[in-house]
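The following note sets out numbered remarks on the model shown here. Please read each remark with the structure open.

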Amino acid sequence: MDFPEFSSGIEDKEAVVQSLFWVGGALCLVATILPLVLLFRPSRLLRQAALWVLLAGTGAISAAAILVISRSLDLHLTLLSITPQLALSFRLDKLSCFFVVIIGAVSFCAVIYSMTYIAHYKSERSKQFLASGLAFFILAMLLVVASSTTFGFLFFWELMSLSSFFLVMFDLDKPETQKAGIFYFSMTQMGTIFLLASFLLLYRFTGSFDISAASNIPQWGKGLVFVSLFIGFGTKAGIIPFHKWLPYAHSASPSNVSALMSGVMLKVPIYGLVRFIIDVFRPDLWWGIVLLFFGSITALLGIIYAFKEHDLKKMLAYCSIENLGVIVVGLGLYVIFDFYGLRVQADLCIYGALFHTLNHALFKSSLFMTAGSVVQATGTRDIEQMGGLIKRMPGTGAIFLVGACAIAALPPLNGFASEIMIFQAYLTSFSLGRPILEILLMAGLAALALTSTLAAACFAKAFGIIFLARPRSGAASAAKEAPFAQLLAPGILAALCVGFGVFSYQLISNVKSGMPLPDMLPIGIIVLVLTGVTFLLLLLTRSPVRKTETWGCGIPSQTGKMEYSGDGFSEPIVTVFKPVFRTRKLSTREFYDKYNSIPKSSSGEIGTLKFFEERLYVPIARFFMKIAGAVSNLHNVDMDALILYSFIAVVLVILGVGWWL
Amino acid sequence: MMNTGITGDLIEVLFVLILGTAAFVITQRALRSLFTLYTIQSVILAAIAVVLFAEHRTVSLLFIALLTLVIKGFVIPAFLRRTLVVLPSKRDIEFSYLTPASSILLSAVLLFIVYTSFSNVAEVLFSDRLFFLGGVIGVSLALMGMMVIFSRKKVVSKIVGYLTMENGVLLFGLFIAEMPFIIEVLIVIDLFMLIVLSTIMAFGIDSSIEAFHKKLTQLGMRFED
Amino acid sequence: MNWNTAVYIVMNPLFALVLSPLVLGLIKTVKARIQGRPGPPVLQQYYQLRKLFHKEIVYSEDSSFIVRLGPYLGIAFMLTASLFVPMVFIPQTGWFGNIILFFYLMITAKFFMVLGGLDAGSTFGGMGSSREMTVSSIIEPVTIMSCAALAFVLKTTSIPEMFRTLLAGSIFSYPTLILVGISLFIILIVESARVPVDNPETHLELTMIHEAMILEQSGPKLALVELASGVRQTVLMALLINVTFPWGLAGLAGCASLLLAAVTMAVKMLILAATVGLFESLLAKIRFFRLPDFFMIALFLSFITIVFELLR
């Protein structure tokens, strides 16, 4: 972007950015501590004040990031230096500030949303914790993407995981929340272990903790680091097969936390992947194929699983998995096209993936916030209990509609604007010259096409069943519109969705010119004009309007039971994709005697086979439990055995000293 | 060495159409349409031979085209349609091991695999790129015919599958440089045909292999199960 | 925004709007004659639309702004999509033409129709919406594969550019387009809800897909919806015609050439309409859950078309 250069020069701008950054960070820290002051007498005033402070903090950091992007600066800041190697330092360049803007903007709206959302929880003390945890979580995420050393990255990553764990476990008394929290925690720790392994390997090869271009790495080392990075980041991003924690965590946590987690926290591993692929390594071809393969499977399976859900937040969580898959597909394509030197296609893919990251953050958090208002108003997360909400909550409904259109990739909104970049790259990639690779790309294209239309179908179902027609339960008919803050926050995000979609061509041309993309602005204008013209023409016909009840084949009073249900809507697609949803039949019988002739009790169950959970996770978990059991058996021994262990350990150390030194 | 020009493109169009008929054979349930599809397939095969004759002027190609057209285009379908009269049910709706949709996915993957494997030996066996494609399509057609044989229950559909296989082998033979190889393959295929025919003559044309096994068990000739 | 573009923006959608009822009428007449009855007059659809504009609009008490706003958005998006397929002359502007954007604009129109079907709370509407989204999702890979095949063969993703390339070549320069034409024909059948995918003349709840969604529309709104469906059919037919047989399309916008091009396109459109009518009469509607098999075959065909292009 071209801004007029001020006469004071670049150092002044850097100073402004630096001060904004530190001030913003400090404000967020204050916002963390403030609600915890006077915990024995929780004060609503303190909490509201903390939220405003947090608002100011995120605003300041976002402003700093926008300045960096517009001026193309590259700053290095240091917070704490334990040793010259282990330092918590930050680097604000265009890539990290892009992600800082995403995190900051969405957190800004999430905090606005939280101002009235937190109020509906019962316990005063837990409300203080929620506000404080929110601030800490946001601060940790901002600092992760700004880090310039792997040490700092991992430190803030752990802080982010811990704070999000506490936020997920907020409704402690429900058993499903406990299960969700433990699942989330173990999965995220597993991911962190892989990240730690890859960072240590990187240190061993390059000798420094800096996130900067790494050279002199042997081929096998590069591959190993990539695989552990992929597993570590993939776990946090929800790539199949590491995705299982996502639906549980997102549905169990409070809605503002879900919005943050889905909209923002899932982007942090994407930042990691992008940074390591672009800046640190020169990626090999097979990296791109791995990313493409796992991304396509994630996208396809994510949306297919979303279809069967009738828990609103689980469905949104699976849709997040699908969109993350699309982003990873974009990254994989970038690696492949970059390897073959197809500059135009590679640019399309990387900018498309990054743009989709931004768009997903915008529309997903908007959707989660409106979903949170709906859940709060009706008291249930089950779609089958809702209905007719658009008359009772018109604002929420309209904003949800905008979000649904955006996620369904309908032009001219932003979801389509980023997906078409990836499609355009696919369609213009006919000069690769390796037919086998091109055939694989075609298979990926078919999967992507299927995914995006299935997303449209899923959100047609979601919007239709939740908001349209008649209420299906008493709770739904008694729903009231959400308070203003809970409309303002998603409303801002929805307006940004429309803006980024319609002006996508202008925006992308400012960042990188010469990309073969269609212009959405004439489309938007023409659609508006045509709608207006048709409306006026129809007014001319002066047709009388009459309201009556829906035709129900003569039944005098229609209830909510006569409309189509969510399960019914998704039934054809579920039937078509039946091999994906395997059913599992379980029957158990208990007998009184050992000849199994006098029955005591029996039970039968038919359920969906949770494929990844039962065939992949549980056996691995059992294996580790066995190892843990064996190790703990080693501990439960008497004093003499413990001295024996120490004796063996000392002998081994002496041997080691003698041999290696 | 690419065979450019209109004949090359025309042959490629015919290749895609012949694979299309094979895909239809995999999914069709009505027996009458299976026979119609087989007729269309044989006609396309004859057309390919004619176009090749127009390009290379080998008289034996014209002979093959005529033979294919007459026997596989008219005689065999007429015979099959006459046997259709005695069947009580004119549909075959059961599939074992593979659903129609997954069979088609598998055919696409097989085409890809055959192409990759054969590209190593392409220079030895085939004279130019078009012929290489023809060979790959022939083998794929044979494999698709084999898929029809094992995934359908009724013997009549298995016969159509076998006939598709034979079409595929013939297509492969049209494009390969060494001819005698083909004779050995044809012998193996005729053995298949013997088994199928013996089933029909022993137990009736609307039986299936399961009835065959059941009868054998009754007669005490099988010792498992 | 020059003169050429302005004429194009006005003329192309107008051409589609004016021609679509005639096309629908011709298909109905062809089907009726094959069934041995005289059938309605060919201009019947025009009379139907005129009648609908004079009738009253009936809304259900349970419906919301979706059913009021939906038809406007449907026709607006569909007419915008019609700007992407030049029917009479190829414009100089580069604003419109991306083939993916074209298909997705049509999906947007369909999306609002689907929501409208769910709005009144009737079971028929929900059923039609659900089936429409299923069919639309499963045909999408075929559509995008055909787009990819066209993009590969003609080396561009802009539809006017494709037509320009085709006009410049001879009839034998791109023979694989016959195969792409077959895929486009299947897509035409699916999107315009014709037999064997959906029967546009039935109103039995177990057999309708598209018709069920628009049951609750009435009066001028129903006229708008019918027009939108007609424009969708016309535009897809224009795409198919110009991909396989583009001669007659004018490169410039002179008055005489425009008239000639319009008449040529109308004639070609009517021939294709008669073919569609014939095709519909020869087949029976496929059972709903057999449709994925049918689409799988179409996907297989377009996939191997692309593979052949790549392996050249």
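1. A:Asn596 sits in the loop between β4 (583–591) and β5 (599–608) of chain A; helices (H or I, at least four residues) and strands (E, at least two) are DSSP runs, numbered from the N terminus. The phi of A:Asn596 is near 55°, a positive value in a residue other than glycine. Most residues other than glycine have a negative phi, and most peptide bonds are trans. A:Asn596 is exposed, with 10 other C-beta atoms within 10 Å. For this term, a residue is buried if 20 or more other C-beta atoms lie within 10 Å of its own, exposed if 12 or fewer, and partly exposed in between, with C-beta atoms placed from the backbone.

2. The model is predicted: local features need pLDDT of at least 70, side-chain atom pairs count only at pLDDT 80 or more, and totals for chains, interfaces and linings use all residues. Residues are numbered from 1 along each chain as its sequence is written, while chains are lettered from A and ligands numbered from 1 in the order in which they are written.

3. A positive phi also occurs in chain C, at C:Lys155, where the value is about 60° although the residue is not a glycine. C:Lys155 lies in the loop between α5 (123–154) and α6 (159–168) of chain C. It is partly exposed, with 13 other C-beta atoms within 10 Å.

4. The bond from A:Ile240 to A:Pro241 is cis, with omega near 5°, and A:Pro241 belongs to the loop between α7 (219–237) and α8 (245–252) of chain A. A:Pro411 and A:Pro412 are likewise joined by a cis peptide bond, with omega about -5°; A:Pro412 falls in the loop between α15 and α16 of chain A.

5. Helix α15 (residues 394–407) of chain A has 14 residues and spans 20 Å from its first C-alpha to its last. This is close to the expected 20 Å at 1.5 Å a residue, the expectation being 1.5 Å times one less than the number of residues. The helix is mostly covered, with 10 of its 14 residues buried; among them are A:Ile399, A:Phe400, A:Val402 and A:Cys405. The buried residues of α15(A) pack against α12 (312–339), α13 (343–378), α14, α16, α17 and α19 (484–502) of chain A. After α15(A) comes A:Ala409, whose phi is positive, near 60°.

6. The contact between chains A and C takes 64 residues from chain A and 65 residues from chain C, two residues being in contact if their C-beta atoms, placed from the backbone, lie within 7 Å. On the side of chain A, the elements that give two or more residues are α14 (389–392), α16 (414–427), α17 (435–467), α21 (520–541), β3 (545–548) and α22 (566–576). The largest share of that side, 15 residues, comes from α17(A). The residues of this side divide into 42 nonpolar, 14 polar and 8 charged; Ala, Val, Leu, Ile, Met, Phe, Trp, Tyr, Cys and Pro count as nonpolar, Asp, Glu, Lys and Arg as charged, and the others, Gly among them, as polar.

7. Strands also pair across these two chains: β3(A) and β1 (residues 57–60) of chain C run in the parallel sense over 4 bridges, where pairing requires that DSSP finds at least two bridges between two strands. A:Thr548 stands opposite C:Ser60 in β1(C).

8. In the largest nonpolar core, of 390 residues, A:Met141 and C:Ala148 touch the most other members. Such a core is a set of buried Ala, Val, Leu, Ile, Met, Phe, Trp, Tyr and Cys residues joined through C-beta atoms within 7 Å. α17(A) gives the most to this core, with 20 residues. Not counting residues up to four places away in sequence, A:Met141 touches A:Ile103, A:Met160, A:Val264, A:Met265 and A:Val268.

9. The contact between chains C and B takes 16 residues from chain C and 18 residues from chain B. On the side of chain C, α11(C) gives the most, with 10 residues. Chain B itself has 9 helices and 0 strands, and buried residues make up 38% of its 225 residues.
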